[in-house]
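Here is a friendly walk through the structure shown below. Keep the 3D view open as you read, and turn to each region as it comes up.

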2 protein chains.
Amino acid sequence: MKKNAIVGQSGGPTAVINASLYGIIKEGMAHEEISRVYGMINGIEGFMSGNYMDLSNDLTAEELELLKMTPAAYLGSCRYKLPDDLSSPFYPALFEKFRAMEIGYFFYIGGNDSMDTVSKLSRYASHHQSDIRFIGIPKTIDNDLVLTDHTPGYGSAAKYVADTVREIVLDSSVYQQKSVTIIELMGRHAGWLTAASAMARKFEGDNPVLIYLPESDFDFERFASDVQTALTRKSSVVICVSEGISDSKGKFICEYTDDVQLDTFGHKMLAGSGKILENFVRNRFGVKVRSVELNVNQRCSGMLASAVDIEESVQAGTEGVKAALKGITGIMIAFNRTADSPYTMECITADVDQVCNKEKLFPKDWICANGTDITDDFLRYALPLIQGEPKRKMEGGLPVYIFRK
Amino acid sequence: MKKNAIVGQSGGPTAVINASLYGIIKEGMAHEEISRVYGMINGIEGFMSGNYMDLSNDLTAEELELLKMTPAAYLGSCRYKLPDDLSSPFYPALFEKFRAMEIGYFFYIGGNDSMDTVSKLSRYASHHQSDIRFIGIPKTIDNDLVLTDHTPGYGSAAKYVADTVREIVLDSSVYQQKSVTIIELMGRHAGWLTAASAMARKFEGDNPVLIYLPESDFDFERFASDVQTALTRKSSVVICVSEGISDSKGKFICEYTDDVQLDTFGHKMLAGSGKILENFVRNRFGVKVRSVELNVNQRCSGMLASAVDIEESVQAGTEGVKAALKGITGIMIAFNRTADSPYTMECITADVDQVCNKEKLFPKDWICANGTDITDDFLRYALPLIQGEPKRKMEGGLPVYIFRK
């Protein structure tokens with residue numbers, strides 16, 4: 001019996017979340033078991049308010065190709081936590097909508113919190129004999145999902161970081177005067193993206209000479225000593241830090257001001273570890289200091305996306321549809337690396353209950369003993385993920401992106 | 001009689017200052033009147049300490065091609081103001097170095113302050129019957145030099161701004177919740193770079209919906225009213241502001257904190273107009289607000305450079321050498337636009353005394369009456385300058401750049 005599919009995007013946008021959407025639409029439309037592929041507008045939250053579109057009908061072939069190369073979430077996103085109590089009236093209301101729209105396949109592209117949504121829905125379905133298939137497609141620049149080698153979105157963000165840090169290093173080294181440049185990178189708890197700055201180096205000993213991840217305790221005095229040593233070796237010192245570095249008591253460095261807020265999920269909204277270290281270095285050493293926060297650019301740069309990441313993100317969507325059609329449910333598509341060089345990867349499935357609400361931190365043994373650098377193991381891991389520059393449509397000197405009117 | 005040429009880079013780096021250097025080296029080596037092309041390391045300041053290299057000998061052909069595509073200043077830069085008093089002992093000391101190195105041609109690539117250097121040296125030379133030719137090659141992302149249609153470096157920075165703002169607009173519009181995103185762009189006094197954000201729009205009425213330049217007086221209450229109106233029309237409002245916006249009394253918006261410093265030239269070191277407006281909007285409207293400072297990325301991104309800008313920067317260097325060999329001195333190479341569409345440009349010469357220490361501000365009649373947008377005249381002016389994506393050498397997923405060891 002023919003059924004419809006529905007797909008949503010959730011959590012923070014990435015350069016390639018639309019590539020996974022593209023994969024789901026293309027693969028969905030290629031199978032006659034699936035009549036239509038609907039898209040939830042603003043995820044499950046928007047869908048509950050009745051917002052959705054028919055992706056199998058509303059997009060031209062050309063628009064579909066543009067979608068693959070457009071950063072940020074085409075369908076819009078949400079940060080909406082489903083009720084923990086599966087007996088909440090939320091669930092029958094949602095499943096009634098599914099029934100009315102003849103949904104047989106549900107795909108949710110997102111990170112930890114989105115996998116929590118997939119987990120709850122698949123558990124509810126199994127308790128209530130629903131045969132809807134619930135599939136999670138991973139997405140996060142943070143690379144912090146467990147049971148997968150890496151996540152779609154990380155490769156592009158890592159490439160952006162490596163490229164941009166390389167360019168800032170050149171920029172920062174034009175003057176003779178001693179200077180310190182501090183680059184703040186995204187990552188509340190996991191240092192994957194900050195570690196990517198190590199790929200910026202052009203030669204052994206090149207900047208960034210100091211890299212601090214949230215996985216190591218940060219200590220101001222040890223930092224001062226690290227900076228002092230670096231300044232004796234180089235006139236221009238570039239330092240990369242995660243937004244979420246914290247001291248041995250777990251206090252975030254950005255909390256050394258009193259400007260902390262919470263987001264919907266109770267996450268601390270962090271900003272400013274770079275700025276705080278800038279002021280610290282200026283006061284301590286009296287040298288020229290600048291801090292640069294790469295900010296949202298690192299997650300939404302389509303122009304600097306990784307071709308490998310785009311193709312793998314499409315594949316994650318494609319494999320999600322295939323899994324659903326095989327009758328599998330309650331899983332997340334995951335990546336299993338089969339070789340580093342030449343790099344090969346295969347898609348597998350992971351139990352979504354085992355993925356949600358967990359965080360894969362940066363491995364301690366990939367951090368050098370002094371806590372200021374990354375080992376070559378990480379470079380072997382990360383380099384394959386940043387390869388290739390996608391060919392994209394340009395018009396008037398700027399990239400052409402698709403958007404909902 | 002054969003003479004040597006010497007070239008220096010000065011002031012803030014850009015994506016294409018090395019393209020002009022490339023033009024000078026290539027053209028210099030093509031003329032038999034020139035024996036060697038020397039490069040001052042860290043501009044005139046480094047040269048006075050004896051730091052220079054032989055560019056006609058020390059670079060392989062492959063390195064020279066990489067130089068054309070490498071952002072930031074390969075030779076290093078300086079911010080060194082020559083003595084105003086031409087009878088200072090600085091000048092005979094410098095000219096003695098020139099004599100010892102058989103310098104016949106002097107090229108300085110830079111902005112306002114660098115043209116001041118060229119002006120002083122050419123005036124000193126003319127007072128002392130030196131036949132050294134002094135030529136300025138323009139360079140600044142600020143586009144604020146007079147007597148030239150635009151400056152090398154502006155097109156690439158403008159392309160970076162337009163592209164990045166377009167991507168941040170996509171990123172900022174994924175949630176349903178009302179939000180304001182404030183993007184702070186470089187420009188102390190001139191709004192050229194902030195104006196470039198208007199090119200980010202994909203359709204009429206698209207974000208950024210509000211653009212504030214230093215050329216208009218900024219008023220917090222009028223701003224609040226602009227934001228309120230914008231929030232009734234759009235759930236996601238993106239605003240672009242220059243770092244140097246100021247109120248009607250000339251007080252910089254970033255001075256609404258007490259964190260102001262001066263650089264060597266007595267310029268105010270500004271930062272934070274975006275952050276201050278972020279806090280203002282949050283307190284006033286209680287909506288989600290984020291500020292993004294594009295920072296040095298906008299001047300040093302080689303990956304997003306404009307092909308037109310690179311080629312014109314090479315041309316500026318080439319034409320500088322040709323002018324010097326014709327015996328011209330005390331000039332800056334300038335761009336004269338001959339048509340908008342299709343865009344054509346020719347190099348001319350401008351009296352460097354008329355260029356230095358002046359600033360070309362953004363034309364008042366290209367700012368809309370309410371001071372929150374740019375007219376189409378600007379788009380016609382700027383669009384030709386951001387065209388084309390240069391082909392560059394990539395290795396391991398990252399751009400290959402040349403640097404001094």
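Predicted model: local features only at pLDDT ≥ 70, side-chain atom pairs only at ≥ 80, totals over all residues.

Residues are numbered from 1 along each chain as its sequence is written, chains are lettered from A and ligands numbered from 1 in the order in which they are written, and side-chain values use heavy atoms, with hydrogens and water left out.

In chain A, domain 1 covers 3-153 + 302-358 + 388-399 and domain 2 covers 157-299; such bounds come from an automatic or database domain assignment. The C-alpha centres of domain 1 and domain 2 of chain A are 33 Å apart. Across their interface in chain A, 17 residues of domain 1 are in contact with 14 residues of domain 2, where contact means heavy atoms within 4.5 Å. Together, domain 1 and domain 2 of chain A bury about 1,300 Å², and carbon and sulfur atoms give 61% of that area. Buried area is the accessible area (1.4 Å probe) that two parts lose on being put together, summed over both. Arg79(A), Ile141(A) and Leu304(A) supply 43% of what domain 1 of chain A buries against domain 2 of chain A, more than any other three residues. The rule finds one salt bridge across this interface of domain 1 and domain 2 of chain A.

## The seven-stranded sheet of chain A

Seven strands of chain A make an open sheet with mixed pairing, in the order E3-E2-E1-E4-E5-E12-E13. Two strands pair if DSSP finds at least two bridges between them; helices (H or I, at least four residues) and strands (E, at least two) are DSSP runs, numbered from the N terminus. Strand E3 (52-54) and strand E13 (343-351) of chain A are at the edges with a single partner strand each, so one side of each has no neighbour in the sheet. From one strand to the next, the twist averages 25°. Angles run from 0 to 180 degrees between N-to-C directions, and axes are lines fitted to C-alpha atoms, for helices over the stretch in contact.

Within this sheet, strand E1 (residues 3-9) and strand E4 (residues 103-110) of chain A run parallel and are joined by six bridges. Which residue in E4(A) is the bridge partner of Gln9(A)? The partner is Ile109(A). Helix H6 (residues 112-127) of chain A lies across E4, strand E5 (133-138) and strand E12 (331-340) of chain A, at about 170° to E5(A).

## How chains A and B touch

Between the chains, 60 residues of chain B are in contact with 60 residues of chain A. The area buried between chain B and chain A is about 4,800 Å², with 56% given by carbon and sulfur atoms. Two salt bridges are counted between chain B and chain A. Arg299(A) and Asp171(B) meet through their side chains in a salt bridge of 2.7 Å, N to O. H7(B) gives the most to the side of chain B that touches chain A, with ten residues.

## The four-stranded sheet of chain B

Chain B has an open sheet of four strands in the order E7-E8-E6-E11, with parallel pairing. Its edge strands are E7 and E11 of chain B, each pairing on one side only. Three bridges join E7(B) to strand E8 (residues 236-242) of chain B, and Tyr212(B) stands opposite Val241(B) in E8(B). Helix H9 (residues 220-233) of chain B lies across strand E6 (179-185), E7 and E8 of chain B, at about 160° to E7(B).

## Backbone points to check

Most residues other than glycine have a negative phi, and most peptide bonds are trans. Asn42(A) has a positive phi, near 60°, and lies in the loop between strand E2 (34-40) and helix H2 (43-48) of chain A. In chain B, a cis peptide bond joins Asn207(B) and Pro208(B), with omega about 0°. Another cis peptide bond joins Ser341(B) and Pro342(B), with omega about -5°.

Note on methods:
Salt bridge = Lys/Arg side-chain N within 4 Å of Asp/Glu carboxyl O.
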